[in-house]
Structure formats: C-alpha cells, structure tokens
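Please open the model in your viewer and keep the selection tool at hand. The stops below are meant to be followed in order.

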Amino acid sequence: MSNGLVDAAEASTAPRPRLRIIYASATGTAQDLAYRCGRLAQRNHFPVRIDDVERVHLDDLIEHDGDGGGGHVVVFLVATAGNGSFPPSATSLWSQLLSSSLPLGSTLQRLQFAIFGLGDSSYPRFCWPERMMRKRLVDLGAKEVERGEGDEQHYLGLDGTYQPFLAALFDRLNAQYPLPLGMEILPDDVALPPTLELRLLDECGDESQLLAPAASTTTRWLRLVKNERLTSPDHFQDVRLFEFEVPTDKEPDLNFIAGDVAALRPVNDLQSCLALLDRLGWTKDKDRFVQVWDTQSQRAISLPALTPTATKSQTTLLDYIQHHVTPFSALRPSLFPLLRPFATSDVEREKLAEFCTPGEGYEDAMEYGVRTKRTVWEVLDEFRSVQLPVARAAEVLGGEMREREFSIASSPSLTPRRIQLLVAIVQYRTRIRTPRRGVATRWLASLDPSDPTTPLIPVQLRPSTILRLPPDDSTPIICVGPGTGVAPLRGLILERIARGAGGKERNTVFLGCRSARDDKLLGDEWDQLHAQGHVAVHWAISRTNQEGKPRKGAREYVQDVLRRQGEAVWDQILLEGAWVYICGSSGKMPEGVREAVLDIAEEHGGLERDQAERFVSERLEAGGRWREECWS
Ligand SMILES: Cc1cc2nc3c(=O)[nH]c(=O)nc-3n(C[C@H](O)[C@H](O)[C@H](O)COP(=O)(O)OP(=O)(O)OC[C@H]3O[C@@H](n4cnc5c(N)ncnc54)[C@H](O)[C@@H]3O)c2cc1C
C-alpha cells in the first residue's frame, strides 16, 4: 500500500469482504445512491449491508475480531446540506469521529473506505462534508479505496461521476478480491431479490402480524385551523399561511423555540393512488394489510402511525401507496434498471436497457426522465408492459416518503399552542405539458380547515441547528429574508417583541417581493410593527414601485436596499455586535447578501476587500453572528 490507497496489485485469495454502505442523506438522494451501490455489490457477489448514518456508531467502523475474516469495506455516501453542512442524520457519527481522544493514524487502521460526496458546484461549499469526512478518516488511519464527488451541475447530474465512481470501485474490489472460480457477475437484466420487500399479510384483520407503529417523541398531532392565500389570486406564485393548533385542552403546549422548523409528512392524492393500483393490477389487494420486510436484517420495519391513537401499524396496501412511497415525485435515474427486468414487451425492455447504457443511453434517460422531472407514475403509465409484483413496491415506487421542512413563522411565547407556516406552493413547468407539482405543498394546499373530516396532521417539531436568537436581548439583529425567507424571521422578531426586546434600534428586517400589490407577504402586519416602533422594516420590491406601478430602471433586491442602509448596518455590526440572519431561497441571494456586507465593510468600515472577507468569516461566521438558513 502507498499514500493511503489500497493497491489493486495486492490481489489475494482473501475472502470477499462485506460491503457496508452508509448514507448521510438530506433529501433521499444519497439513500437512493446507496441502494444502487448495494445492488451492484449483490451483482458482484459481495455480502452487503446498507445503513442510514444515524444508526451507525464509531465502534461499527473499528473492525472487530468477530467480523468473519473477510473484514469490511465501508462505502460512504455523503450529501451536502444547507450552507455546506452535514445532513442532521450524520451529526452524531461526525462528532464521535472528531473526538480528540482518538489516536491519529491507528484508530481506523483496519478500515478500508470509499467515499462519494453529493453536491452542487454553484454553491460555495461544494461537497464540504464529504471532504471533511474523508480527511478525518484518513487522519485516523483508514485506507481510501476510491473517491468521487457528484455535481448537480454536471450535464448528467450526479450520475456524471457516480457511474464512473461505481465502476472504478468495483474494478478495484474485484481485482483485490477476485471472484471465486465458477462465479460470474450477474447481468443487469436479472432481477435481484429486493432489499426491502413489501409483503401482503395473509388475512386482512389478522392483527397478530402487525407491528407497533414507529415512535417519534417529537411528533404532535395538530388541527389545521387556517389555510389562507397571501399572494393575490392572479399572481403566478401561490404562497399560503397555514396555522395548526393543539386540538384539546388536555394536551400540553407545543415544545419549540423561535427558529425551529416543522416537518410534515405529505400524503399522496387518493385518486392518483387508485389509478396507480389499477394500472399495476393491485386493486384487488388494496385493503389488505402490508408489512415492509428488510431482507438484510430479516425483520419487519415499523412504519409511522397514520392516526394519533394507533397501537398497531394497520397499513393497507392503499395506505402504503398514499403515505409511504413517492410514485408522484420526480423520478431518480435508478428507476430504469429497476423496471428493466419487469418489462414484458421486447420494445420496452430494449428501451429500458438503452437507458441503462453508459454514454448516449444515460443522456437519453436524463432527457426523457430526469431533466423533465417525470414521475414514476408517468413512466409506468407509458411503459405499459411493465408488470410489477407487489413485493417490489418499496423499491420501485420512488422510495420512502420523507418529511418536508417548513420554518415556524410564529413565536412560542406569544402562541405556545399554535404554529404558523408560510408556504410557497411548488408548481413549475418543464418540457412536459402537465405542470410539475410539489407533493407536500400540493397536499397542504388541498386541506380544508372548515371540513370536519380533515384529519389531525402529524407535525414533527425539529430544532434548528442554525437559527437561534442572541442570548442577550440587547444585541441588535439584522434579518434578511426575501420571499418565504420571511417565515423564520417573523418567528424570531415576534419572539423578540414577546420577550420585551422590540425596538427599531435592535430589530431590522430587509424583506423582498416582486410587486407591492401581489406578493408583499403579510405586508400590513409588517407596516403595523414598523409603525408601532417594534422593528425597522425595509422592503426591496423588484418589479414595481411602492404604489404598484411597473418599476423604471434596474430591478431592486434586498442586497441593494441593504447597501443603501450601509452606514447604519455597519454601525450595528461593528459597534453593537449585531447578529445577521439570512433566510430564503438558496439561489443567488445568500451570496448577493454576503457581497453587499463586504461592500459595506469596505465603504463604511474603510477595510480592504481581503480584510472585509476575514471580518465576515472570522468575526461573524466563526463568532456565531452570521446565521444562514436557505433552501432550494
Ligand atoms: C430548514 C428548511 C426550512 C424551510 N422553510 C420553508 C418555508 O418556511 N416556506 C417554504 O415555502 N419552504 C420552506 N422550505 C422549503 C420546502 O421544504 C421545500 O420547498 C419542499 O421541498 C416543498 O415540498 P414539496 O413536496 O411541495 O415539493 P417537492 O415535491 O419536494 O419538490 C421540490 C423540488 O422541486 C424542484 N423544483 C421546485 N421548483 C422548481 C423549478 N421552478 N424548476 C425546477 N425544479 C423545481 C426542486 O428540485 C425542489 O427541490 C424549507 C426547507 C428547509 C430545508
């Protein structure tokens, strides 16, 4: 071995090691890539185990004597969360790895690892978590087998580098641990046994086979009391205010603090689910109870409860499609190899095989399915010869439904039994004629608070890792949040007012919209708070003037208004130790705001550019006074 890399020339007759695939997923993509890697491992006859990083302890990486002789190789798939941080699921393992008591060079000396980072090079901290993780593993003595970084900006998306990464990884492993004589790599058109298998239970009503639902201590079942459109009816963007409350007096207050987020698990549209069941020929079984079986660990997996009082996971096949999988979300490229063995017409089998072929085939698959954000359902509706057994539902129908996060826009001190959310309903167009719609926001928008049949909604209250108010209420805060970025900032400002820390000299917000008439979110409320002296509010209205007439000249954004207030902003930051909050869309805005603050430091602080950069990174960011929570 040299330079920490495993030398393929060291091929031996050693038993094939177990591949442990560990994913740290932010939106489910790393998980999908993990399962793809797992299937390739199965085709190459490596014993494999796939785990969410949340369930992994440092001890699992330190090889034990009882590992069966073959040892193990760990493949890490590490997503990049907001602001270049680790996904929350990786926090525990990462802090264990950082422990200063671990001897360098020897702690992980028996570990071989491959690592693949998921990122988007249009953001400044591209693949930072993967880079930090890799460095730490090497410092602790682990040997790197292969490494890759996937970039959403690549014309083939993450696959542009993931495919070559997998090919290189298995070439290397097969060279190091040659296949036993007589064993062949399984071809792509052979269906592998599913890792997660959906089982129809024998009899509907036989509850002995049902598990207790997956428990979550932070989930509260809340009643929806408001679903109100905030943007004007003819505006292209539908933004709504949702309000949820504790349904009975007997239940305790909600446990959250300003800056936290609410995570909601969407429900797929009933009619679409019935159509899907019909297409797959599963309608006759729709009311039978099902169980998800993990074939790795040979045990059933508990599913989240569907009602607040459920003691058993009474999930029918229809419930499963509605609540637990995502056939109506944008597909992932891994769909095509999964469908391929189940196509019964030659034409469709060939087309799917083409989509799985490196080069032009991948390019076609990207164009047909990925760039267009086609859904699994739309592909099944087009590839009519695909006949799927129910057992494949967990694997093929888009993967596990995940919660979507929304910032809490209300104050726990003012309304401890209610939360408000400000939600932009996701709808956009691609080359496909039918508009693409967000699964969660479409579902939320459809809920009617005045309808007594609207069920209680399970809401998980999650602490924000980023947004916290300064411990000292006299510290000024400067908040920048165009669009729905206003949501968490409203929560912070209302909390300050409730705590007696109001005042224009301590609370400044910069908000942004397109038009004074159409999308000035909660404009009247902000005007009132401003008039009452609680907060200094500055609006950037990009397309109109304050009266709603089309704007003459260049568009104005929050960063422009921030620059105009540069002197006051600089005084608050430098002399009064203000904290800066930036929330909203993760596009160009956060970088634009940073540039504006650098300009202000130059103009009003007399700093050179490099001094200004150092000031922002060392005094503000490292000092915990720069808090950015942005989402895509
Ligand atoms: C910590 C945090 C706080 C958040 N707070 C809020 C909040 O307060 N308010 C709020 O509205 N949102 C907020 N979000 C964002 C929200 O979680 C997402 O918008 C969520 O994905 C919406 O769920 P959905 O199921 O409706 O959309 P999904 O089905 O998940 O679809 C969203 C995806 O669609 C794609 N997409 C969306 N628009 C386009 C487009 N124009 N072109 C191409 N692709 C597109 C993108 O890939 C996007 O990720 C927050 C996110 C995080 C992480």
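This is a predicted model: local features need pLDDT of at least 70, side-chain atom pairs count only at pLDDT 80 or more; totals for chains, interfaces and linings use all residues.

**Domains**

Begin by colouring the protein chain according to its domain assignment: domain 1 (8-176), domain 2 (220-268 + 404-462), domain 3 (270-396) and domain 4 (477-631). Domain 2 is given as two segments, 220-268 and 404-462.

Next, select domain 1 and domain 3 together. Their C-alpha centres lie 27 Å apart. At the interface, 14 residues of domain 1 are in contact with ten residues of domain 3. How much area do domain 1 and domain 3 bury between them? The value is about 1,000 Å², of which 48% is on carbon and sulfur atoms. A search for salt bridges across this interface of domain 1 and domain 3 finds zero.

**Cores**

Now select Trp282, Tyr320 and Leu397, the residues with the most contacts inside the largest nonpolar core, which has 67 residues. Domain 1 and domain 3 each supply at least three residues to this core. In soluble globular proteins, nonpolar side chains tend to be buried together.

Centre the view on Tyr320. Which residues is Tyr320 in contact with, leaving aside its neighbours within four places in sequence? They are Leu198, Val290, Val292, Leu303, Thr315, Val325, Ala393 and Ala394.

Move to helix α1, residues 29-43. Is α1 largely enclosed or open? Of its 15 residues, 13 are buried, so the rest of the structure largely encloses α1.

Step just past α1 to His45, in the loop between α1 and β2 (48-52). Most residues other than glycine have a negative phi. His45, however, has a positive phi, near 65 degrees. With a relative accessibility of 25%, His45 counts as partly exposed.

Finally, select Lys373, in the loop between α10 (360-370) and α11 (376-382). Here too a residue other than glycine has a positive phi, near 55 degrees. The relative accessible area of Lys373 is 35%, so Lys373 is partly exposed.

Notes. Residues are numbered from 1 along each chain as its sequence is written. Side-chain values use heavy atoms; hydrogens and water are left out. Helices (H or I, at least four residues) and strands (E, at least two) are DSSP runs, numbered from the N terminus. The expected span of a helix is 1.5 Å times one less than its number of residues. Buried means under 20% relative accessible area, exposed over 50%, partly exposed in between (1.4 Å probe, protein chains only). A nonpolar core is a set of buried Ala, Val, Leu, Ile, Met, Phe, Trp, Tyr and Cys residues joined through side-chain atoms within 4.5 Å. Domain bounds come from an automatic or database domain assignment. Contact means heavy atoms within 4.5 Å. Buried area is the accessible area (1.4 Å probe) that two parts lose on being put together, summed over both. A salt bridge is a side-chain nitrogen of Lys or Arg within 4 Å of a carboxyl oxygen of Asp or Glu.
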